[in-house]
Amino acid sequence: MIKNIVNLGDAAIYCDFGEEVTKDVNSKVIKYFRTLKNKNLKGITNLAPSYNKLIITFDLNETTFIELKNNILNLKLDDETKNESSKISIPICCDKEYSLDIDRLEEKLNKSKSDIIKIFINKTYFCYMTGFVAGMPFLGDIDDKIQLNRLETPRVKVPKGSVGITEQFCNVYTFESPGGWNIIGNTPKSIFDSTHKKKPNLINPGDEITFYEISKKDYIKFYDK
Amino acid sequence: MISDYFKVIRGGLNSTFQDQGRENLYHIGIPFSGVMDKRNYLITNRLINNGKDEPVLEFAFQGPCLKYFGNKRNIVVTGEINFMLARNNSEKEKGECYKTIEINNGDVIDIISTNKSVYGYFSVSGGFKIDKVWNSYSTTARANVGPNNGCKLVNGQKILLNEKKPIFNRQLNFVNRKIEFIRVLKGTNFDYFSQNSINNFFSTDFEVTKLTDRMGMRLKGVKLNNLKKTNIKSEGLVKGTIQVPADGNPIILLSDHGTIGGYPKFGVIISADYDKLVQIPPGTKIKFKKIELKDAENLYKLYNMETNNILNKIL
């Protein structure tokens, strides 16, 4: 199932599941991720599953690339565990103040702001993975008509709550951070809460997400709550 | 009984509690974090006679200014640091790094600046009274994860201390050596870049810019020309990754890095050179050298051996 395994630096392994990004490929990545998490192989320090890749970091004092690569190639996968996915609805405000890249989107996509937002809202998204910053969900797939590349130079600071789109994907910046996605709006809803020790992420891989538009007035009210 | 404590008179620019980092949370977006310069961290704990996994205070550029309330203890500062002690009898002393220093009630430690370096470390005999979060004392300030509510030190707060242990006076004759080259392994998208750009990367200087912090280091130099694709499908990242956005300016990801990214991976800094890389201040020029995996693994063994030799000199 893994197409290719190479080293990423001297203390990580890069497992490539192929070029394609589909729910099917992603579920294979998740299967390896869950098996490795349960097996607790010697030396593994972190696992980063994504759409079609799995990156595994290890402690160079305990193992090496070659040893771990062999362990992964010989891995017996756990049987499918039931994944309980949630349906979550997220408010988004697309007021000029929050829709930082709307001019760029309008120009490059040759569409009006209201059309872009309508197309964006009118879909249910699947959560492929979480990460980049704590709790950030990577959702897909957005409509062909509003797909666009990342910014050429990433922003040094993207405001917390920003909802960004790039290619067939969409995400929510759970913290202020650098980033290069096209920002379409902002949500006042808390997506990551470190005080919830057991389940800090609101959105997890496999969940289904929809967005609904709110006014600036409602946005401010939501924060005041 | 009230424990001994420091009052934070000035938090400094980026002062956080750190240990060797937090494992097993990449998949929800939480990086290792942990000390940037592991060798100086281990030296700090050894000098002050705390365990090798105990938390230290890490600071960058301008450190904290702390007033001590309690019974006699030792402190230690490591790195290349200018610091002063204002004694309770209003005498002033210039601080010496890599040497335990006795402090008494009312003494003030003012960590003024790092000298031609970025990070320094501070600890106290007995150690800081803080709690682990998700099995680590490390702070990821950007996600508010870690002790001290996941935040940097702020003016006016208190730092509580554990009960003190017997005091040892220790010192180490240590110089933070620079290296000529930062060594790099080929990344997974190395072949996206033109041969000319690859040659340039390994033969010309790059400047560390001011846009550098615990998350990443942005470099300025000859732009790297990507012939294939300037975006990849977002995927995991590791510290030391050199990623190149469409503008051609490389960014090296450091300990608080985002766990997922969509820029091509040109290379990865070898583990043995990480401590040295992070200490290079903005405005400095650096050179890179390409090596092979086997060499990187051997250099890591050597790095560990050197670290152990240094630690064994501290009695």
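**Reading a core, a contact and a cysteine**

Mentor: In this predicted model, the largest nonpolar core has 141 residues, and Ala12(A) and Ile56(A) touch the most other members. Helix α1 (residues 23-39) of chain A gives the largest share of this core, five residues.

Trainee: What is a nonpolar core?

Mentor: A nonpolar core is a set of buried Ala, Val, Leu, Ile, Met, Phe, Trp, Tyr and Cys residues joined through C-beta atoms within 7 Å. Buried means 20 or more other C-beta atoms within 10 Å of a residue's own, with C-beta atoms placed from the backbone. Helices (H or I, at least four residues) and strands (E, at least two) are DSSP runs, numbered from the N terminus.

Trainee: Which residues does Ala12(A) touch?

Mentor: Touching, or contact, means C-beta atoms, placed from the backbone, within 7 Å. Not counting residues up to four places away in sequence, Ala12(A) touches Ile55(A), Ile56(A), Thr57(A), Phe58(A) and, from the other chain, Val238(B).

Trainee: How many residues does each chain bring to the contact?

Mentor: Chain A brings 46 residues and chain B 37 residues. On the side of chain A that touches chain B, β3(A) gives the most, with five residues.

Trainee: Is Cys93(A) buried or exposed?

Mentor: Cys93(A) is buried, because 22 other C-beta atoms lie within 10 Å. Cys93(A) sits in the loop between β5 (87-92) and α3 (102-109) of chain A. Its C-alpha atom is 5.9 Å from that of Ser215(A), though the two are 122 residues apart along the chain.

Trainee: And the numbering and cut-offs?

Mentor: Residues are numbered from 1 along each chain as its sequence is written, while chains are lettered from A and ligands numbered from 1 in the order in which they are written. Local features need pLDDT of at least 70 and side-chain atom pairs count only at pLDDT 80 or more, but totals for chains, interfaces and linings use all residues.

Notes
Two residues are in contact if their C-beta atoms, placed from the backbone, lie within 7 Å. A residue is buried if 20 or more other C-beta atoms lie within 10 Å of its own, exposed if 12 or fewer, and partly exposed in between; C-beta atoms are placed from the backbone.
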